[in-house]
Amino acid sequence: MMEWAWLIPSLPAIAFALMVVLRRWLPNWGAILATGSMAVSFALFFFVFADWFGEKSFPGDYTFIYSIDWLRAGDAVLTWGMWIDPITLTMLGLVTAAALGIQVYSWGYMAHEPRFTWFFAVHSLFAASMLALVMADNLLLLYIAWELVGICSYLLIGFFYDRRSAAEAAKKAFITTRVGDVGLLIGILLLFVETGTFELSAIFAALANGELSEGVVTGAALLMLMGAIGKSAQFPFHVWLPDAMEGPTPVSALVHSATMVVAGVFLVARVFPFFEASDTASLVLLCLGAVTALGAAAMALVMTDIKRVLAYSTLTDLAFMMLALGAGSVTAGMFHLLLHGFAKATLFLGAGSISHGSEQTDIRQMGGLRRRMPLTALAFGIGALSLGGLPPFGGFFSKDEVTLAVFHGQQFGWVFFIVALTVGFMKALYMGRVFFSAFLGKLKPENEHAHESGPSMLAPMLVFTTLGAVGGLLAFGWTDGYGGFGYFVFAGDHQEGFHLNWGIAGASTVLAVAGFGIAWLAYVTGSLRTEGIIARVRPVHTLVANKFYVDEVYQWTIDTVVLTLGNAIAWVDRALVNDVGVNGPGSATSWSGSKLRVVQSGKLYSYALGMVLGFLALAVAWWVAQ
Amino acid sequence: MTMDVRFELLMPEFLVAGLAFLVFTLDFFIRPVRKDILAWVSAAGLAVIIAFTVPYLLNEHDSLFDGLYRVDSYALFFKVLSMGIGIAVILGSLHFVNQRLTHPGEYYAIIIVSVLAMMMMAASGELLTAYLSLELLSFCLYILSGFALQDRRSNEASVKYVLLGAFSSGLLLYGIVLLYGALGTTHFAEMATALEGAGSVEGRLLVGLALVVAGLGFKLAAVPFHMWAPDVYQGAPMPITAYIAVGSKAAAFALVLRLFYEGLAPAYDQWQMLIAGMAALTMIFGNVVAIVQTNVKRMLAYSSVGQVGFLLMGIAALSPLASNGLMVHLVGYSLTNFAVFFAITAFYNATGKDDIPDFAGLAGRSPFLAAAITIGLFSLAGLPFLAGFVTKFYLFSAAAAEDLLWLAGVAMFASLISLYYYLQLIRQMYIEKAPEDEGGSVAVATPAVLTAVIGAMALGVVLLGVYPDPVMAAIEDATASLLGTDNAWITLGAAGQ
Amino acid sequence: MSSMESVLLFALIAVPFFGALVMVFFPADRHSLIHWYTRVIAFAGLVMAVWLFVTFDTDGDLSKYTVDFEWLPALGIRYSLGISGITTPLVLLNAIIFMAGVLVSWNVTHRPKDFFIWLTLLVAGVYGVFLATDLFFLFFFYELAVVPMYLLIGVWGSSTDFTKQPAVEIPGYGGGGKYDRPKEYGAMKLMLYLVAGSVLVWVAILAVWAEARSVTGMESFSIAALSQVEYSENFQRIFYPFFMVGFGVLAGLWPFHTWSPDGHVAAPTAVSMLHAGVLMKLGAFGILAVGMVILPEGASDWAPVLIGLGTVNVLYGAVSALGQRDLKYVIGYSSVSHMGYVLMGLGTLEVIGLNGAVFQMFSHGIMTGLFFAMVGIIYERTHLRDITVLEGLGKRMGVVGAFLAVAGLTSLGLPGFSSFVAELLVFIGTFRTYPILGVLAVIGAAITAVYILRLMAKVFFGPISDRWADLEDAKPIEVAVGAALVGILLLWGLYPFRIVEIIDSGVQPLLEGMGIA
Amino acid sequence: MELYHVELLSAALFAIGVYGVLARRNAVMVLMAVELMLNAATINAVAYAAFLDPGRLVGQVITVFIITVAAAEVGLAMAIILRLYRVRATANVDEADEMKG
């Protein structure tokens, strides 16, 4: 079955092709085509999964590799192939499930869009490339898929392209990630030059045999990390993600929270041996994670647009995963990735359902919506609690895994441990803030008409809610042959079962409760006056509310530095290279022509004189010559 | 000295002379309105003579009067070329004469005489003979350039031409005499032997050679002896301009080529650089000054000065290839210039204008003329599928083969410059709009005969461009006879072989 | 001329050439006849080129593809044609672009006869350069391909004039300059520049010929024969630059590139397509198939310079494109930038790099053809090319926008389109030889993304103003052209195996001949 | 009397002629100057014939021809100068400078 796994990405790709070519002739059938193909892929995933388990021995690891030639030039042979291992399977499950669910959701949500089919087409293309990305057996194919998801994200953010803001956001997203991709590509090429191949297996082998020098390893790791943080919107490339919320909500749910943005994390996990081998790289990873986590969490606390809050919370969680990986635990990272995917999908779909039902996006305009949309409230609530890290919901387990991993981390473990705890508290705080201010409290009059969404939107939402809620169970070994997530996804040889460190678990739980408690006091009972606090830390608040002015700095750089440089070079090209370097000789020639013609005075004697001089010149030259 | 002269070998010359007298006499008996007949007679006569000469003199190799006068394939080649040029000019000037000139009888007859002179220049193997035939040609051209009696410019042209011509012939003659004094002979072949003995060139000889080069340079219009050319070209009646540009140049080169290859070859290393330098100077000066011209005839005058520079490379390189190159370029140059000049003549006949801006929108008014001019100019610039490309390529290759690559490079850039001003005219014809006023947009009518001549020339330009082999065969034959089998100096002089 | 294949080679040049000559006798006012006639000629060429490409046998002998006549024995000039794995894709490229160009020229109504005659002659010249194996005729056709440009641009072109309307400043869209470039200027500059380049080439050809003549006594312009001669190290070092710069001018080699934006902008659509798409490739092809083959040591001595200038091309072109206001200038500079990759690939003198270079010639040709076709449509509909004025066209011209977007994404090296593969190969080659320049090249690709997305975001996205209310989207014929070109880009982008195999079969023996690899 | 005496003489004559051409404005004067140059040549020719190769008559032949040609040249030139006078009412060649540059 596994050699047929390539069908999983191919089906949506085919669906995309059909929809683009035949878009005239299939008004709404396109959506059916898309969802149908997604469903088949989802089903295929289970077969592959089962098949893989059949091959796997316990305890132990198993990787299925299968590839075909794609291009031969000189001594280089480039291949396209599949690489199926636990990480791949985790991602496959998450992506197929999320994509399918969210497409179903979009049936309701996007129903009235004129470019309905186009939406589903790009959606399928995205799914296809994302699946290809996670299945790639070589860095080149991975990069190809990587770029394709990027362009899909560009198209989806710019879905409402006639909005200037959407157009700008899309551009921003693509260019920002592109900068990271430069690093990624250079890293890949560096590895190719060193090892002569893009194949992961060969490259890992070379790494294991120590064929790669220290510098190369670190360099490659950092360069690829550059790509990763670009895609996963980590500091300093985080600026594009909040703006990306310009896209339709289902897009935010799938692309910009559950799947695409975690590609960076996935990449790091995929090439984890490099980070294992290089302390520098993993330290950088940790630092970036820490900075992003704190900064993003802080911003999430002050944002008022519900989708932006969620966006910043996404940043925080991605940073969390990075922390885990930096601390050396692929298990924790991937586990959090999985559960965060479910929870965040829930939350975004909830947010979508809110704005669909009540045209509200600003949490200050909401409140008491639970009366109008109870199911949404339930789903959103569970999602929030889970992400806030309250037991027994899935988020708790994954957060605990991460915290634990960081605590055991090799380098400056305690520093990042404290960071992790702090961030855990803030997560609970802003999650509480969003949920309470949106659904609890009393209903505002302008929201009287708000209504619950239709089944096609509710169903997927609830499914994800359930997954997010019970996902924590995956941590434990239920059947023999599974033995817990730690025995399933792990790096190198440290596979281990799940065990609670009661101290840490307790601490983080207390913090989470505290966070939700404070949020309750502030936004439900109102006994805690937020204005007062804000007033006390005014400068900090302004700083955070303005996103630390990072965007401004970038904008300034682009406007003044890049474009000025462009205009300058353009001017140089015109004025110097062209007008001087090119026109110069030409005008010089005709100038000399206009001077020389003066010799031709029209007077007879001057002509004769010319001849005489010519004769003399000849004679003298001749005489001198010998 | 043996005196068994085969006079019958001079038959072509006799016939041409006879034709001239025939036209003179016919002129008395033909009513003014029917003067066209003269042109037809002349042209037909020359054509017949060609048809007679080619088989008659083929493979004839003899030198009459003890080497004064040569009969060989080289001479034959130029004889045919001269008569062809004569035919072209006569037919090309038909309408011009009718419209703007008087005394057609003399006009055509004098042209025929000048053709005779050109034939003799190619054949003469001795300085004095060369001088005489050259003077004969010059006299004809002096008269013809002033043939538009009422035209101030035509008159000015002839005055300048005749006086400067006399001056140059003075220089030339003095030079010839000095050579005679230095070498004791005026026969090319004997000069060579003497030079070989002489080793270094002492004063008398040096001055003599310099004067000869100056005198011939005048005929070739090589810088700095070219200055008469623009004025005369501009002033002379248009067909005569074409004739001077092509005919006298061809004849002069026929003479110079023989003189240098037969007579002066031994002193090769002495004069090569001088001639090369003169060539470079000529092509640069001619083309650069041409840029700023506004009168078409004057522009073409300078451009043909530039062309002289190219042709001089053939002298400087001094090798079989070089002489081939020179001759084939000469042929291409003649065809091309005739095509352009006659097209301009047609335009002038119709509009009486000859300034570059006057050609605006010609492509619309007369696609044929525009196309002919374009073909000609592109060929002069050396663009492919046209004569200029092949001939230049040949000539420059020859130069390169003799370590004159630098000169070839200069020539290429010179022709790049020429492309610029040729494009100015082409731009006028194709891109600019025709002027609205004074019926600027009316079609330009071209008489059938002129159309035929122009068409023939343009066709020749293209044919030579795509299939030069037949012409090349004749030329290689000519070169062979010029160099002879025992001409050791060329192979000595020719570097790099 | 024995085999069927050689007849084909002969016909490839003869059909357009004589086709053009025949067209001279057409009545000038029968427009549709002229259009269809040209389409037939183009299609015939396309069929032959495709046939050559499809039946190309990568490990068979190519001797059956030969035309060889004696032409001018005195100099050893022969009319000889042949193909290789390198030329075959380029011939195909020429055929495709010509076909596309003719089709999008459906709206040429001003003196179409002359227009198509010159265009077809030009195409014949291009075929000739790719097929000729004798330096004389290579040069001959090279000139033939350049000459028609002057009139094509001068008569049917369009001028740029920003001196009148001031730039509508939009934050983030600087878009500089108040300048004007009359079409006559562009045409004249292009002509003189290219001929100047060809002069250098000519000098080098004669030098090589004369040197070979004096060394071996052989009089021949055959590339193969000349490449056998042992030229002195010094000679090679002196004369290779003539080839490199001479051909480089046509390839847009910095700093001899300025003719290219001006020329492309001034030219009518079909001519821009052919020029940026195919003619610029002639330059690179010349450097590869003439310069490097005949003077290998010179090539390796000068390789660092070539690759360095190529890098400058990439960055300089990309950055200048950022500063442009005229839609066509952006693309003009982008082709300067992209030719940089070709030159870099050549500069690597390394098998993968050369593969990349040739592949890049092909795919950039298709891509830029698509670009100019679409920009031409926009200009034809709006009579504007000013980025600062155009906005939100996507609403009205969705299809054109889509095609332009594809071209843009291709040019910024999006995987799935052929340019990505080509540039990847170039990158690999460069990383193997000059890693630092490789890094710069990758950065150049990122800058490309910036100006392309700027252009898309400004021109096609955003709110649309009322003045475009009745804009008309692409006509069926234009859709067909666009779709075909996109199809090719995708085909070779997703499955480059075959074409790279063919190119490789040409590159490897070439390198062996040079004594490298 | 040595050969170089004669050569000096003719050289002087030639120089004078050249000077005349350069210095004179009147067409007829110019023509006369040219005649001087030609005569210088004849003197040389005769001298060389006498001094260098008495056996042959080349020098004399040259002389005879020069005289003839000179005569013809003068005739022709005078005719044309006459036209000049008719058209512009002057024989001053400097005034014939419509065409220049």
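Predicted model: local features only at pLDDT ≥ 70, side-chain atom pairs only at ≥ 80, totals over all residues.
**Figure 1. L323(A) and its partners in the nonpolar core.** Leaving aside neighbours within four places in sequence, L323(A) is in contact with L286(A), G289(A), A290(A), A293(A), V402(A), V406(A), F416(A) and A420(A). L323(A) is also one of the residues with the most contacts inside the largest nonpolar core, together with L163(B), M313(B) and A339(B). How many residues does this largest core have? It has 729. The element that gives the most to this core is α7(C), with 22 residues. Chain A takes part through two domains: domain 1 (278-545) and domain 2 (551-625) each supply at least three residues to the core.

**Figure 2. L310(A) in helix α14 of chain A.** Here we look at another leucine, L310(A), which is found in helix α14 (residues 306-326). Is L310(A) buried or exposed? Count the C-beta atoms around it: 30 others lie within 10 Å, and a residue is called buried at 20 or more, so L310(A) is buried. Not counting residues up to four places away in sequence, L310(A) touches S257(A), L347(A), F348(A) and A351(A). For a sense of distance, pick out L267(A), which is 43 residues from L310(A) along the chain. The C-alpha atoms of these two leucines are separated by 23 Å.

Figure 3. Begin with chain A, where β1(A) and strand β2 (residues 76-84) pair in the antiparallel sense over nine bridges. To find your place, look for I68(A), which stands opposite W80(A) in β2(A). The hairpin has two residues between its strands, and G74(A) in the turn has a positive phi of about 55°. Now turn to chain C, where strand β1 (residues 66-72) and strand β2 (residues 77-82) also pair in the antiparallel sense, over six bridges. Here E70(C) stands opposite R78(C) in β2(C). Four residues lie between the strands of this hairpin, and G76(C) takes a positive phi near 75°.

Figure 4. How many of the eight residues of helix α10 (residues 259-266) of chain C are buried? Eight of the eight are, and the helix is mostly covered. Among these buried residues are W259(C), P261(C), H264(C) and V265(C). The buried residues of α10(C) pack against several elements of chain C, including α6 (148-156), α7 (183-216), α11 (269-294) and α13 (327-348). Strands β3 (160-161) and β4 (180-181) are also among these packing partners. Next, look at P255(C), in the loop between α9 (233-250) and α10 of chain C. A cis peptide bond joins W254(C) and P255(C), with omega about 0°.

Figure 5. Most residues other than glycine have a negative phi, and most peptide bonds are trans. With that in mind, find K547(A), which is not a glycine but has a positive phi near 55°. K547(A) is found in the loop between α23 (538-545) and α24 of chain A. It is buried because 20 other C-beta atoms lie within 10 Å. In chain B, H103(B) also has a positive phi near 55°, and H103(B) lies in the loop between α3 (73-100) and α4 (104-123). H103(B) is partly exposed, with 14 other C-beta atoms within 10 Å. A cis peptide bond joins V223(B) and P224(B), where omega is about 0°. You can find P224(B) in the loop between α8 (203-220) and α9 (228-235) of chain B.

**Figure 6. Where the chains meet.** Which pair of chains has the most contacts among the five pairs that touch? The answer is chains A and C, where 46 residues of chain A are in contact with 49 residues of chain C. On the chain A side, β1 (64-73), α5 (139-157), α6 (164-195) and α24 (550-596) each supply at least two residues. Of the elements on that side, α24(A) gives the most, with 16 residues. By class, the chain A residues that touch chain C divide into 28 nonpolar, six polar and 12 charged. The contact between chains A and D takes 10 residues from chain A and nine from chain D. No contact joins chain C and chain D, whose closest C-alpha atoms lie 25 Å apart.

Note on methods: Residues numbered from 1 in each chain as written. Chains lettered and ligands numbered in written order. Buried ≥ 20, exposed ≤ 12 C-beta atoms within 10 Å, placed from the backbone. Contact = placed C-beta atoms within 7 Å. Pairing = 2+ DSSP bridges. Nonpolar A, V, L, I, M, F, W, Y, C, P; charged D, E, K, R; others polar. Core = buried A, V, L, I, M, F, W, Y, C linked by C-beta atoms within 7 Å. Domains from an automatic or database assignment.
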